[in-house]
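Hi,

Here is the structure I promised to pass on. Have a look at it first, and then read my notes below.

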Amino acid sequence: MITASTARSTIASLAILVSLPVLADQAEHRQLGPHVHGQGTLDIAIEGNKIEMELVAPGMDIVGFEHVATTDEQKAKVEKAKAQLADVLNVFKLPSAAKCKTDTANVESRKETHHPGEKDDDDDKPGEPQHSEFHATYTITCEAPESVTGLETAYFTDFAGGQLLNVNVTTPKGQTQAQMTREKPTLDLTGVM
Ligand SMILES: [Zn+2]
């Protein structure tokens with residue numbers, strides 16, 4: 001009896017372990033909600049000499065459409081955008097004195113997560129446009145992280161539809177929020193580390 005009960009609880013524990021990542025994933029998507037055209041988000045985490053960045057931007061901002069690329073011209077536009085976004089230190093310029101180099105850059109375009117029961121269900125009607133977005137993750141190493149006092153972005157000149165980036169900066173000191181815009185394509189990082 002004890003053995004059977006132990007086995008059952010082990011199985012139950014395993015089931016919980018297996019299902020947790022799925023729940024976390026769903027929670028994350030719910031939290032993100034539908035994106036707003038013109039607005040992207042940039043998360044920056046700085047610790048020691050490592051910088052991690054994550055950019056999520058509407059397809060409309062990056063390439064001017066969100067449907068699946070079908071023509072050669074559209075496909076070329078997506079590929080060009082991905083190449084531009086992969087060149088992270090060109091899109092997000094860090095001070096040269098910080099001597100930063102890109103370790104990894106991963107760019108993909110994905111359909112925005114569907115939210116059952118919400119009004120944008122209409123998006124799934126045949127022929128209706130669906131949201132999609134670009135998602136880029138980067139890891140960067142800087143020889144002189146103390147010189148990372150700011151950042152200047154070419155995002156708004158590279159991508160005609162982008163109007164705003166909501167920026168979250170996380171360092172061992174804490175979290176700060178800021179915005180970069182077409183008018184102010186810079187981020188002040190003095191004092192955040
Ligand atoms: Zn959209």
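**What I found**

Let me start with a close pair: Lys101 and Asp103 form a salt bridge, and their closest N and O atoms are 3.0 Å apart. Please keep in mind that this is a predicted model.

Taken together, Lys50, Lys101 and Asp103 are linked in a network of salt bridges.

A search of the whole structure gives three salt bridges. One of them joins the side chains of Glu133 and Arg110, with 3.7 Å from N to O. This pair also links distant parts of the chain: Glu133 is in strand S5 (residues 132-142) and Arg110 in strand S4, 23 residues apart. Is Glu133 buried or exposed? Glu133 is buried, because its relative accessible area is 7% and the cut-off for buried is under 20%. Arg110 has a relative accessible area of 23%, so it counts as partly exposed.

Both of those residues turn up again around Val56, a residue of strand S2. Leaving aside residues up to four places away in sequence, Val56 touches Gly40, Thr41, Arg110, Glu133, Phe134 and His135. Val56 counts as buried because its relative accessibility is 17%, and buried means under 20%. I also looked at Val56 and Glu108, which are 52 residues apart along the chain: their C-alpha atoms are separated by 9.9 Å.

**The sheet**

Which order do the strands take in the open sheet? The six strands run S4-S5-S2-S1-S7-S8, with mixed pairing. S4 and strand S8 (174-181) are the edge strands, each pairing on one side only. From one strand to the next, the twist averages 15 degrees. At the S4 end, S4 and S5 pair in the antiparallel sense over eleven bridges, and Asn106 stands opposite Thr137 in S5. Helix H3 (residues 72-86) packs on the sheet and touches S2, S4 and S5; its direction makes about 150 degrees with that of S4.

**One backbone angle to check**

Lys99 is worth a click. Its phi is near 50 degrees, a positive value in a residue other than glycine. Lys99 is placed in the loop between strand S3 (92-93) and S4. With a relative accessible area of 51%, Lys99 is exposed.

**The chain as a whole**

For the overview, the protein chain has five helices and nine strands. Read along the sequence, these give the pattern α-β-β-α-α-α-β-β-β-β-α-β-β-β. Of the 193 residues in the protein chain, 35% are buried. Among contacts between residues at least 6 apart in sequence, 65% join residues at least 24 apart. The accessible surface of the protein chain comes to about 11600 Å², and 56% of that belongs to carbon and sulfur atoms.

Cheers

Conventions. Residues are numbered from 1 along each chain as its sequence is written. This is a predicted model: local features need pLDDT of at least 70, side-chain atom pairs count only at pLDDT 80 or more; totals for chains, interfaces and linings use all residues. Side-chain values use heavy atoms; hydrogens and water are left out. A salt bridge is a side-chain nitrogen of Lys or Arg within 4 Å of a carboxyl oxygen of Asp or Glu. Helices (H or I, at least four residues) and strands (E, at least two) are DSSP runs, numbered from the N terminus. Buried means under 20% relative accessible area, exposed over 50%, partly exposed in between (1.4 Å probe, protein chains only). Contact means heavy atoms within 4.5 Å. Two strands pair if DSSP finds at least two bridges between them. Axes are lines fitted to C-alpha atoms, for helices over the stretch in contact, and angles run from 0 to 180 degrees between N-to-C directions. Accessible areas come from the Shrake-Rupley method with a 1.4 Å probe; for residues, only the protein chains shown count as cover.
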